[in-house]
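Dear colleague,

Please find below the sequence and structure that I am handing over to you.

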Amino acid sequence: MAEPGAPLEPALFPLVLQLTNPDQREAALLELSKKREAFSDLAPILWHSFGTVSALLQEIISIYPMLSPPTLTAHASNRVCNALALLQCVASHQETRGLFLSAHIPLYLYPFLNTVSKNRPFEYLRLTSLGVIGALVKMDDSEVINFLLQTEIIPLCLRIMETGSELSKTVATFIVQKILLDEMGLNYICATAERFYAVSTVLSNMVAVLVEQPSVRLLKHIVRCYLRLSDNLRAREALRQCLPDSLRDKTFGNALKDDVTVNRWLTQLLFNIGENQSPS
């Protein structure tokens, strides 16, 4: 008996084939990116189809000249983001994730994360690129964390955490959080004072902004980062000095009054650095 998704596949294969035809690629990118959730095996089909990944990388490389000086248009940004959405499928799928990393595909996205223009096409490009990296770290795979630590993802994320839109800041902070939650990632960031203070200074600056413009969603990831840092003994000592006062007092009490999880994390964090009674 055919699987429930089987009738969709005859429509899928012509679209994938059209990705390798420059005249048909743009329409196929749009159609596939819109329907990607409907095709459970889209990722392996994209990866193993002849010339498809090369076509997606061509889309990415073709807009590098528009990054500096910043001339990226909304149309070009939308088109490449459709290609990135398909790469996110590949990054998320268990069968293709390792192949995606082995081919170093994430490195093609780093120039997008390195942009600083606040124009909407660039912001959309950064956010979609962060989504691909976010899809990788969601898998809680040490191979992913190892790859990201060997590249320059942390400094790129830290800059976006300070200068991006709220949504980009949230995804970038989530990526750093997932890196920290891996033992290898925590040890890497706490291995030198320079790395620790690079992260903690950005987190502190973000907290200062949130005092004026609260965002519970962003604050949740920041608190979780601090809590994870406090699991490292040297970092815990440093946090006694550099944890923002607004996290020690009731500054965010009103914003967090309905969030049991973040309040629990905050209580545990303050207990870990010796400022609270046992959170139990």
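This is a predicted model: local features need pLDDT of at least 70, side-chain atom pairs count only at pLDDT 80 or more; totals for chains, interfaces and linings use all residues.

Domains

The protein is divided into two parts: domain 1 covers residues 12–139, and domain 2 covers residues 141–244. Their C-alpha centres lie 26 Å apart. Each side brings 23 residues to the contact between them. About 1900 Å² of area is buried between domain 1 and domain 2, and carbon and sulfur atoms give 71% of this area. On the domain 1 side, Y110, L130 and V137 supply 31% of the area buried against domain 2, which is more than any other three residues. The count of salt bridges between the two domains is one.

Helix 8 and helix 9

Helix 8 (residues 120–137) and helix 9 (residues 142–150) have axes that come within 9 Å of each other and cross at roughly 135 degrees. Helix 8 is therefore oblique to helix 9. From helix 8, the contact is made by I133, L136 and V137; from helix 9, V144, I145 and L148 take part. By class, this contact has six nonpolar residues, with no polar and no charged ones.

Salt bridges

The structure holds 12 salt bridges. One of the pairs is R79 with E59, whose closest N and O atoms are 2.6 Å apart. Because R79 lies in helix 5 and E59 in helix 4, this pair ties together parts that are 20 residues apart in sequence. Another pair is D141 with R97, where the closest N and O atoms are 3.4 Å apart.

Backbone geometry

Most residues other than glycine have a negative phi, and most peptide bonds are trans. Two places in the model may be read against that background. The peptide bond from S68 to P69 is cis, with omega near -5 degrees. P69 is found in the loop between helix 4 (52–62) and helix 5 (74–92). H104, a residue other than glycine, has a positive phi near 60 degrees. The loop that holds H104 runs between helix 6 (94–102) and helix 7 (110–113).

With kind regards

Terms used
Residues are numbered from 1 along each chain as its sequence is written. Side-chain values use heavy atoms; hydrogens and water are left out. Axes are lines fitted to C-alpha atoms, for helices over the stretch in contact, and angles run from 0 to 180 degrees between N-to-C directions. Helices (H or I, at least four residues) and strands (E, at least two) are DSSP runs, numbered from the N terminus. Angles under 35 degrees count as roughly parallel, over 145 as roughly antiparallel, 65 to 115 as roughly perpendicular and the rest as oblique. Contact means heavy atoms within 4.5 Å. Ala, Val, Leu, Ile, Met, Phe, Trp, Tyr, Cys and Pro count as nonpolar, Asp, Glu, Lys and Arg as charged, and the others, Gly among them, as polar. Domain bounds come from an automatic or database domain assignment. Buried area is the accessible area (1.4 Å probe) that two parts lose on being put together, summed over both. A salt bridge is a side-chain nitrogen of Lys or Arg within 4 Å of a carboxyl oxygen of Asp or Glu.
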